[in-house]
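The following paragraphs lead the reader through one protein chain, from a single turn to the whole fold. Please keep the sequence and the three-dimensional view at hand while reading.

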Amino acid sequence: MASQLDDVTWPLRTERLSLRPATREDAEATWGFRRLEVVSEWITRAPQSLEDYREQFEDPVWQAKTLVFELDGRVIGDMMLAFEDAWAQAEVTEQAEGVQAELGYVMHPDHAGLGYASEAVRELLRLCFEELGVRRVTASCFADNESSWRLMERVGMRRELYAVKESLHRSGAWLDGMGYALLAEEWRSMRADAASAGMDRAVQP
Ligand SMILES: CC(C)(COP(=O)(O)OP(=O)(O)OC[C@H]1O[C@@H](n2cnc3c(N)ncnc32)[C@H](O)[C@@H]1OP(=O)(O)O)[C@@H](O)C(=O)NCCC(=O)NCCS
């Protein structure tokens, strides 16, 4: 399935990780953490068997928006990057096509607490803003999913929405939801601040 991701030179490398589009062969590795309740508790789907999971994973629509990140050659997490049209008035809809992206992320809990997920998400933000010309990136979570919204804040995303009892959890409870976003100009200004802080450090004794 054609996607903006087809034009990217893979893999992308960060200080510790390697990122690439998911393939059919990644089903088992990602099932290794997605089947855990601590992971599936907050995510959209919780298939009950590898067979059911494969059906979801091998769906071309799912594959086209799924990336994995590897540490020392082993898949430790996966991410969604879904390109979207922005809402626009009728006369300008074409200019709003594919200009924003929604992110999602899941990581094996064995690797939690070491900054790997933030490192992978930051690289996706860089890709979106610096290579793909995306103007706005969003992500959302249940308000009770603290590790998720803390990650969004760690990478510099801005909380835009706190919605009361708007999302239905599979437990049957209506839970609060939160929405975060980052604009290309905010990303550029964060990068400029980080670069000048680095330069300041460099001139310090
Ligand atoms: C959301 C999720 C990926 C976050 O994982 P995480 O381990 O908290 O995130 P990171 O890998 O970025 O690690 C951040 C932690 O490592 C610490 N850390 C250590 N070294 C670090 C470094 N070099 N850089 C950044 N953080 C570092 C941070 O201080 C932070 O710890 P804290 O939470 O105690 O403050 C994980 O909880 C998960 O997979 N959850 C289940 C799926 C899910 O809910 N997905 C989101 C659906 S909306």
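**From one hairpin to the whole sheet**

In the hairpin formed by strand 3 and strand 4, two residues lie between the strands, and Asp72 there takes a positive phi near 50 degrees. The model is a predicted one, in which local features need pLDDT of at least 70 and side-chain atom pairs count only at pLDDT 80 or more, while totals for chains, interfaces and linings use all residues. Residues are numbered from 1 along each chain as its sequence is written, and side-chain values use heavy atoms, with hydrogens and water left out.

The strands named here, like the helices, are DSSP runs numbered from the N terminus, with at least two residues (E) for a strand and at least four (H or I) for a helix. Two strands are said to pair if DSSP finds at least two bridges between them. Strand 3 covers residues 66–71 and strand 4 covers residues 74–84; the two run antiparallel and are joined by six bridges. Within this pairing, Leu71 stands opposite Arg74. On to the next neighbour: strand 4 is also joined to strand 5 (residues 100–107), again in the antiparallel sense, by eight bridges. Here Ala82 has Glu102 of strand 5 as its bridge partner.

How do these pairings fit into the wider arrangement? Eight strands form an open sheet in the order 1-2-3-4-5-6-8-7, with mixed pairing. Its edge strands are strand 1 (12–13) and strand 7, each of which pairs on one side only. In general, strands of a sheet pair through backbone hydrogen bonds, either parallel or antiparallel.

Tyr162 stands opposite Met178, and Leu168 stands opposite Trp174. Five residues lie between the strands in the hairpin of strand 7 and strand 8, where Gly172 takes a positive phi near 105 degrees.

Two residues in this part of the chain deserve a separate look. Asp176 has its place in strand 8, and it counts as partly exposed because its relative accessibility is 23%. Apart from neighbours within four places in sequence, Asp176 is in contact (heavy atoms within 4.5 Å) with Phe142, Ala143, Tyr162, Ala163, Val164, Lys165 and Glu166. Between Asp176 and Leu50 the C-alpha distance is 30 Å, and their separation in sequence is 126 residues.

The second residue, Gly156, is found in the loop between helix 6 (146–154) and strand 7. A relative accessibility of 26% is the reason why Gly156 counts as partly exposed. Leaving out residues up to four places away in sequence, Gly156 touches Leu182 and Met190. Gly156 and Glu186 are 30 residues apart in sequence, and their C-alpha atoms are 8.7 Å apart in space.

Finally, the chain may be considered as a whole. It holds seven helices and eight strands. A compact globule of 205 residues would have a radius of gyration near 17 Å, and the 18 Å of the chain agrees with this; the radius is taken over C-alpha atoms, and the globule rule is 2.2 Å times the number of residues to the power 0.38. The C-alpha trace spans about 55 × 50 × 35 Å along its principal axes. Of the 205 residues, 45% are buried. Among contacts with a separation of 6 or more, 63% are between residues 24 or more positions apart.

How values were computed
Buried < 20%, exposed > 50% of the residue type's maximum accessible area, 1.4 Å probe, protein only.
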